[in-house]
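Let's take a walk through a protein together.

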Amino acid sequence: MQSTRFLAARWFALALMAAAGCAKSEKPAGDTTKAPPTASGAAGGGKTFTIAMIAKSSTNPVFLSGRQGAEDAAKELTKSSGVTVKIDWLTPPTEDGTVQAQRISQAVNAGDNAVLMSASDAGKVVGAIDDAVERGVPVMTFDSDVPNSKRFAFYGGDDALMGRETMDELAKQMNGQGHVAILAGNQNAPNLQKRVEGAKEAAKKYPGIKIVNTFYHPETPQDAAAEVIRVQNAYPDITGWAMIGGWPLFTKSLLTDLDPKRVKIVAVDALPDELAYVDAGLAPVLIAQQPYLWGYMSVKAIFDHVYLKKDVPARIEMPLVRVSKDNLGTWARQLQTWGFTGIDPKYLAMAK
C-alpha cells in the first residue's frame, strides 16, 4: 500500500503539470464504495465509463471551465486506455441543492459509473451522495466539499486560506486602513462559508480595517454586480471589497461604477473578463483558482480510483495563483491554453 504522503505528493505533482499547460490527507468519511454498476459495461470490463458531473451552476463561467477540463481529461483517458470515458453534464442552470440531489439520483438510475460534484448546499445532498455510494456509484467532490458524506475524495483549494489571502492582499492595497465589505455569494455553500471565516480571521490582524458586513447574493454576474452597487450606495464609506468569488467581475459595469482611486477590490478567481479589472487598477490582485483543473484532475482521480482500483488521497489540494500586473500576460496565456476565448490580445502580448 502506498503511503498517504507519497500519494499526496504524486497528485500535487500532477496538478502542477496540468497547471503548466499540459492538457495532508484525511480519512474519507465512510468509504464504503462498492463496484459501480455494470449497465454501461465499464466496471465489468467493457469499453464505456461514464462520469456524471454536477457543478453548482451551468451559467457560472468557472464551472464551464471545469467542464472543459473534465472533457479534456476524458478524451486523454479514452485515447490512452482504450476505454471510452464520457462526461454526463447534469449541472442545473442555477444553484439549487435540492435539484443537485435529484441529479445524483438521476445519474445512478441512468447507470453512470461515478459522480463528480460541487455542492451548493451540503446538507441537501449528503443523503443522495450516501445513497449513491450504497448503490455502488462512487462519488467525488470538487470546489465545495461534503466532508460528512461517503464521498471518497475531494479536489480543490484551501478555502480558509483563500479568504485569508484575499483579506491580506486587500489590507496591503488599502495600507491597512478603511471600511471593507465582504461579497460572499451563496450563504449555504460550505466552501464560501469557510472563505468568509478566513477573511474575517485575517482582518483581526489589521486594527485600521473595519468590516462593514458580509453580503450574500445569487451567483450570477448581474446579481453580484447589482449587489455591489446597492451596498456601495448604502455605505458610501466603503473603500475596499473582499470578494471571495469574482462574480461581479465577469461584467464590465464596475469599471465605470467604481473609482479605482477610492475603492480597491481583491477577489478570488481570475478569468478572462476579470483581467480588465487588474489592468485598470480597480482589482490590483486576484487570487486565482484553477477551475479547469477541477474537472481535469478530478476525472483523472475518479478513473484511477474507480476503474483502475488505485489509491488516491482523500483530499487533493489545488494550488492557488496570485495574479497582478506583474504576471498578467503569463496568466492570460495560461487561460488560453485551457481553452478560454475572448481574452484581450493586449494581455496575451504582454511579456510577463
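Which helix gives the most to the lining of the largest cavity? Hold that thought while we sort out the ground rules. What you're looking at is a predicted model, where local features need pLDDT of at least 70, side-chain atom pairs count only at pLDDT 80 or more, and totals for chains, interfaces and linings use all residues. Residues are numbered from 1 along each chain as its sequence is written, and side-chain values use heavy atoms, with hydrogens and water left out.

Back to the question: it's α6, with three residues in the lining. Helices here are DSSP runs of H or I with at least four residues, strands are E runs of at least two, and both are numbered from the N terminus. A cavity is a set of points, on a 1 Å grid over the protein atoms alone, where a 1.4 Å probe fits but cannot get out, and its lining residues have an atom within 4 Å of a point. The largest cavity holds about 90 Å³ of space, a volume meaning the space filled by probe spheres set on the points, which are joined across faces, edges and corners. Its lining has 14 residues, and V62, R195, E219, W247 and D269 lie nearest the centre. Two or more lining residues come from each of α2 (61-81) and α6 (190-203).

Now find helix α3, residues 97-110. From first C-alpha to last, α3 reaches 20 Å, close to the 20 Å expected at 1.5 Å a residue (that is, 1.5 Å times one less than the number of residues). Its buried residues are G97, Q100, A101, I104, A107 and V108, where buried means under 20% relative accessible area and exposed over 50%, with a 1.4 Å probe and protein chains only. Looking down the axis of α3, you'd see these buried residues within an arc of 115°, so they line one face of the helix; the arc is that of the directions from the helix axis to the C-beta atoms. On the face turned away sit the exposed N109 and A110. Covering the buried residues are, among others, β1 (48-54), β3 (114-117) and α4 (122-134).

Zoom in on Q100 in α3. Is Q100 buried or exposed? Buried, with a relative accessible area of 0%. Beyond its neighbours within four places in sequence, Q100 is in contact (heavy atoms within 4.5 Å) with residues including I54, P92, S118 and V125.

Conventions. On a 1 Å grid over the protein atoms alone, a cavity is a set of points where a 1.4 Å probe fits but cannot get out, and a pocket is an open set with protein on both sides within 12 Å along at least five of seven lines; lining residues have an atom within 4 Å of a point.
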